[in-house]
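The sequence and structure come first, and the details follow.

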Amino acid sequence: MAATLSRVGNIAAKLLKSHVYISNQCRFIGDSWINGSCIDPTLGLSDEQKQIQKVAIDFARNEMYPNMARWDQEEIFPLDVLQKAAGLGFGAVYCREKYGGTGLSRMDASIIFEALSQGCTSTTAYISIHNMCVWMIDEFGNDELRQKWIPQLATMEKLASYCLTEPDHGSDAANLTTSAKQKGDHFIINGAKAFISGGQDTDMNLVMCRTGEKGPKGISCILVEKGSPGLSFGKKEKKIGWNSQPTRAVIFDNCKVPVSNLVGQLGDGFKIAMRGLNGGRVNIASCSLGAAQSSLELARDHVKVRKQFGKHLEHFQHLQFKLAEMATKLVVSRNMVRMAATALDKNWPEKVSLCSMAKYFATEECFKICNQALQIHGGYGYLKDYAVQQYMRDSRVHEILEGTNEIMRVLISRDLLEDRKYS
Amino acid sequence: MSALRVLVGCKRVIDYAVRVRVKPDKTGVFTDGVKHSMNPFDEIAMEEAIRMKEKKLASEIIVVSCGPIQCQETLRTALAMGGDRAIHVQVDGKEYEGLQPFHVSKILAKIAQEEKVDLLILGKQAIDDDCNQTGQMTAAILDWPQATFASKVEIDNGSLKVLREIDGGLENIKVKLPAVVTTDLRLNEPRYATLPNIMKAKKKPLTTKKPSDYAVDISPRQEVLSVEDPPVREAGQKVESVEQLVQKLRDAGLIVS
Ligand SMILES: Cc1cc2nc3c(=O)[nH]c(=O)nc-3n(C[C@H](O)[C@H](O)[C@H](O)COP(=O)(O)OP(=O)(O)OC[C@H]3O[C@@H](n4cnc5c(N)ncnc54)[C@H](O)[C@@H]3O)c2cc1C
């Protein structure tokens, strides 16, 4: 009797701990076999990085994974989970501790976003954008802005959006036209930003505005608080993926903002936006790694249970080779992403092109891995009951935003062919 | 009574989500390259100790783990959750395979005495071997009262009021300190270590000891003859009606006719 009871307690313990949903995937991806396999994301990490990764994985499996399908289908932006994540230090991972950041490296951040992304890629991608914005204030804001914003952003009580893209200026962001005119101690902003992640549901926007001449040198970065007079938002966009976070246009109609909300110096805006994006690109590529890791694990599990022609799919050599290729491309992508993170941590002069390489290579290869994993699921892969399609849908946009993968190639080729301009 | 000195046991076990595989030679299960974590009941023990410290009822939390060098990872997690310092009693390879609750309880008892602790909190069992013995044996060796399967613990002026989960339901007991408590599932929900605390944990003291430092002989008292997989579940049968089901159960002697 006691033995049975303790057994029951044991199973209950497992259920309670992971809030596991009894579904067609009744365990968290990865746990049973990833350790000790060639795609183990802990390979090569220090003990401390492994600890950090473990917290992120535990958080992903307990707080995110059981909800990711619902967040997607009901389009829920899970504020409570964001704040819980921030409580562990995920809100301002690579900001200085002085103002409330966690003070970790870009490499640590990459490990964290990859891990969280396994629990929900879309939600993690928003967390990564938020982190990028907080860093921009930590790095370029004055003390007043830092003191006011970083503590509440680090806890994610307040959320941030990054506003660069305009309806007519996407890839060609350096020619943006949203204007900010100084009038006494205020800026008056006019124009519109498109595709803004978190738009309207966030509390502050870092807006790149034209304050001077044409081109990149006439752009400034201005913090526009929610509720500023003249600030409004477009309808919530309907998207293929990234459904656990809203995307909206942000509209400025004689929007009045105090001059003290200028981040950095007048004319520094484009540089600030690009410096932010270097990290953003590593972060978003890390989110793709997590999606691909999960998809590959799901595909591997599927071939072990699905039988056709009288044998398990794992015995068909074509599928074995596919899995081998997916695994190899995942590990190569991870190495590229971690090298780019190192380039940022060590401030290598090649960092812009390395981050671009990481972003284009990892987001492209990882999307293909997710898509191939879906293919391996056959018709089931196309059903929303199976998680693999969501990783595929959520990671598709990583090839488009934070600079399209075509623009990444522009930056890399420029590094090869021209003298270096950006840093 | 002044704030308590608390000792918490943290065993490193194969993670609960891992599908355990028996080695072909039946000497045990695969552990190399397999994901390990802190025993879930020990996480609950840690959480309880930390809550006592937060309420200023505990003054210091010492965490201890017996086993191979990798146990230090488990101890770092315990320190990151909120432990103050750690003791690693290193036991490797073959010796670790033969380490039994009997040995561990002797080591824990010695540490409890050396460190002059007032309260020892352990998990009610570890999810690898499910022994459910260490807490009880440790209490016996120390000749301290024990409160096992705790579902609620209150400190009450030199005593503990403990709500226990027993086969028949719940039981309230009161034990005098010093005492040994083992945790059940519903005692609390353990916290995650935060990133800043993981960083701080690096600097917290961790001492490495050997069983001989505590004069404990860890030569095995048991021999494992064979480790086997549980029998594979056989296919079931479909029945047409309730009557047929009842008949089948009767025939199998599972219900009285
Ligand atoms: C879900 C979602 C969220 C987003 N979130 C944000 C956000 O939070 N903040 C923000 O500022 N923006 C955001 N964006 C916008 C995103 O960064 C832009 O969509 C992206 O930069 C591309 O701009 P565009 O859509 O105008 O495409 P275009 O620039 O019109 O590009 C169209 C195509 O032409 C290619 N192309 C363009 N120029 C060249 C060239 N010189 N050489 C070769 N090919 C070229 C592009 O690569 C692309 O394939 C988001 C977008 C989406 C879809």
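## Domains 1 and 2 of chain A

The C-alpha centres of domain 1 of chain A and domain 2 of chain A lie 26 Å apart. The model is predicted: local features need pLDDT of at least 70, side-chain atom pairs count only at pLDDT 80 or more, and totals for chains, interfaces and linings use all residues. Residues are numbered from 1 along each chain as its sequence is written, chains are lettered from A and ligands numbered from 1 in the order in which they are written, and side-chain values use heavy atoms, with hydrogens and water left out.

Chain A is divided into domain 1 (23–154), domain 2 (160–270) and domain 3 (271–417); these bounds come from an automatic or database domain assignment.

## The interface between them

In contact across this boundary are 25 residues of domain 1 of chain A and 24 residues of domain 2 of chain A, where contact means heavy atoms within 4.5 Å. The two domains bury about 2,000 Å² between them, and carbon and sulfur atoms give 66% of that area. Buried area is the accessible area (1.4 Å probe) that two parts lose on being put together, summed over both. On the side of domain 1 of chain A, the residues losing the most area to domain 2 of chain A are A:Glu75, A:Phe77 and A:Trp149, which together account for 25% of what that side buries.

The interface of domain 1 of chain A and domain 2 of chain A holds two salt bridges, a salt bridge being a side-chain nitrogen of Lys or Arg within 4 Å of a carboxyl oxygen of Asp or Glu. A:Glu75 also forms a salt bridge with A:Lys236, with the closest N and O atoms 3.3 Å apart. On the side of domain 1 of chain A that touches domain 2 of chain A, helix H3 (68–73), helix H6 (121–140) and helix H7 (143–154) of chain A each supply at least two residues. The largest share of that side, 11 residues, comes from H6(A). Helices (H or I, at least four residues) and strands (E, at least two) are DSSP runs, numbered from the N terminus.

## Salt bridges within chain A

Over all chains, the whole structure has 40 salt bridges. One of them joins A:Arg61 and A:Asp58 at 3.5 Å, N to O. Both residues lie in helix H2 (residues 47–64) of chain A, three residues apart, about one turn of the helix. A:Arg61 is buried at 5% relative accessible area, and A:Asp58 is buried at 11%; buried means under 20% relative accessible area, exposed over 50%, partly exposed in between (1.4 Å probe, protein chains only). A network of salt bridges links A:Lys54, A:Asp58, A:Arg61 and B:Asp15.

A:Lys193 and A:Glu166 form another salt bridge, at 3.1 Å, N to O. A:Lys193 lies in strand S3 (residues 186–197) of chain A and A:Glu166 in the loop between strand S1 (160–163) and strand S2 (179–183) of chain A, so the pair ties together parts that are 27 residues apart in sequence. A:Lys193 is buried, at 0% relative accessibility, and A:Glu166 is buried too, at 4%.

## A salt bridge in chain B

In chain B, the side chains of B:Asp128 and B:Lys11 meet in a salt bridge of 3.1 Å, N to O. The two residues are 117 residues apart: B:Asp128 is in the loop between strand S6 (119–123) and helix H5 (134–142) of chain B, and B:Lys11 is in the loop between strand S1 (4–9) and strand S2 (12–14) of chain B. B:Asp128 is partly exposed at 39% relative accessibility, and B:Lys11 is partly exposed at 23%.
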